[in-house]
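Reader: I would like to go through this model by question and answer. Please show it before we start.

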Amino acid sequence: MKLISSLLLFFGSILSFAQNIPAYYQGIDFSQGGSHLEQQLTNLMSMTHTVQLSYTPQTWDAIMTTDENPNDPTEVLLVYGYNDSSSNPVSHRTRAKNLNCTGGNCNGLWNREHVYPRSLGGFEEQSWPGSDVHALRSADSNMNEIRVNRPFAIGNGNNAHITPNGSFFPGQEWKGDVARMIMYMHIRYPQQCQASDVAYSNYTYNSQMPDIFLRWNAEDPPSQFEIRRNNILQSIYQGNRNPFIDNPYLATLIWGGPEAQNSWNNLQIAEPEADARSIKLAPNPAIDYVYYAPNNYTSITVWNIAGQLVSEDMDLTDNKTLLPEKPGLYFIKFCYDGQCVSSKAIKK
């Protein structure tokens, strides 16, 4: 991996590079956001997904390892679970590994939950998406039946529940996990597993990615449990990784929305020294033009993340600036009376 030790400073924005982008991503050009970055990650995850597990018995074995309770190696953590003290096992967070359901009567047992439902993706159990443990989780069998193939939707509290519109809320503890698993499936199997098919949501930020998943990804960063799970799946079972667990900010670069946690210092873009929050840009991400307010600027220029001038807006009367043709992350620099501020914009 090429290492750049110097800091690049331009118009008050800082792009710093360090040595902590994992080697797994060494061939990825992160300066290209939007659909270009999405396609690069699709190619990487597909190429490194070298082992297709058998749905039975190999995914059982994998889940008992990946979902192991960090406080008790004889148990698994149950997705959507929230209360071990309850007398009702449907709400429990943990379950003994040997209480897995392989037969007919599954009350009080756990089974395998396709977080992206097979019926909505149209895939079989013994298929690449059907046996992909990045989106298979241990779950209480009755909770699994409650969720069935309901789309995800906004809810409140720790308890997983059916929402008033008949959708499903996974609970506060699991909403980030769910978002990153759906994002993984969306870009790993783009022809079969569109995120829009498993969500009841608005699409304020991007027409391809539901608002709820972008918000959940930002509001509930990866836990150590998720990180450990991701490492095990790459090193022991499948060979590939979930990029959004490695760095939730990749979702922001691809689809926009609330700025998620950035796990890599060498992908860190600090806010401008001057206050750019007074500049309002919309839409962002944008297809071609981004509109801005206010409009009292004497110079507007567009720069890429390498600090290179890309274009200059010659018409300062129409409240819009044309973004470059190439998708990615850009900075728009607004100047008036010798004072300049910059704001980030994403071209889809």
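Reader: How many disulfides does the structure hold?

Author: The model is a predicted one. A pair of cysteine sulfur atoms counts as a disulfide within 2.5 Å, and Cys101 and Cys106 are joined at an S to S distance of 1.6 Å. The number of disulfides in the structure is one.

Reader: What is the handedness of the disulfide of Cys101 and Cys106?

Author: The handedness follows from the torsion about the S-S bond. For Cys101 and Cys106 that torsion is about -40°, so the disulfide is left-handed.

Reader: Is Cys101 buried or exposed, and what about Cys106?

Author: The cut-off for buried is under 20% relative accessible area. Cys101 has 7% and Cys106 has 14%. Cys101 therefore counts as buried, and Cys106 is likewise buried.

Reader: Where does His92 lie, and which backbone oxygen lies 2.7 Å from a polar atom of its side chain?

Author: His92 sits in the loop that runs between β4 (72-77) and β5 (94-96). With a relative accessible area of 16%, His92 is buried. Leaving aside residues up to four places away in sequence, His92 touches Leu78, Gly81, Tyr82, Asn83, Asp84 and Ser86. The backbone oxygen at 2.7 Å belongs to Ser86.

Reader: How far apart are the end C-alpha atoms of helix α1 (residues 34-48), and what span should its 15 residues have?

Author: At 1.5 Å a residue, the 15 residues of α1 should span 21 Å. The distance between the end C-alpha atoms agrees with this, at 22 Å.

Reader: Which elements do the buried residues of α1 pack against?

Author: The buried residues of α1 include Leu37, Leu41, Leu44 and Met45. Their packing partners, together with those of the other buried residues of α1, are α5, α8, α9 and β17 (339-347).

Reader: Which elements do the buried residues of α6 pack against?

Author: In helix α6 (residues 211-219), Ile212, Phe213, Leu214 and Trp216 are among the buried residues. The buried residues of α6 pack against β9 (168-169), α5 (175-188), α8 (243-246) and α9 (249-255).

Reader: What radius of gyration does the protein have?

Author: The protein contains nine helices and 17 strands, and its C-alpha atoms fill a box of roughly 75 × 45 × 35 Å along the principal axes. For 348 residues, a compact globule would have a radius of gyration near 20 Å. The value for the protein agrees with that, at 22 Å.

Reader: What share of the 348 residues counts as buried?

Author: The accessible surface comes to about 15300 Å², of which carbon and sulfur atoms hold 49%. Of the 348 residues, the share that counts as buried is 53%.

Note on methods. Residues are numbered from 1 along each chain as its sequence is written. This is a predicted model: local features need pLDDT of at least 70, side-chain atom pairs count only at pLDDT 80 or more; totals for chains, interfaces and linings use all residues. Side-chain values use heavy atoms; hydrogens and water are left out. Buried means under 20% relative accessible area, exposed over 50%, partly exposed in between (1.4 Å probe, protein chains only). Helices (H or I, at least four residues) and strands (E, at least two) are DSSP runs, numbered from the N terminus. A polar contact is a pair of N or O atoms within 3.5 Å; within protein, one must be able to donate a hydrogen and the other to accept it, and residues adjacent in sequence count only if both atoms are side-chain atoms. Contact means heavy atoms within 4.5 Å. The expected span of a helix is 1.5 Å times one less than its number of residues. The radius of gyration is taken over C-alpha atoms; the globule rule is 2.2 Å times the number of residues to the power 0.38. Accessible areas come from the Shrake-Rupley method with a 1.4 Å probe; for residues, only the protein chains shown count as cover.
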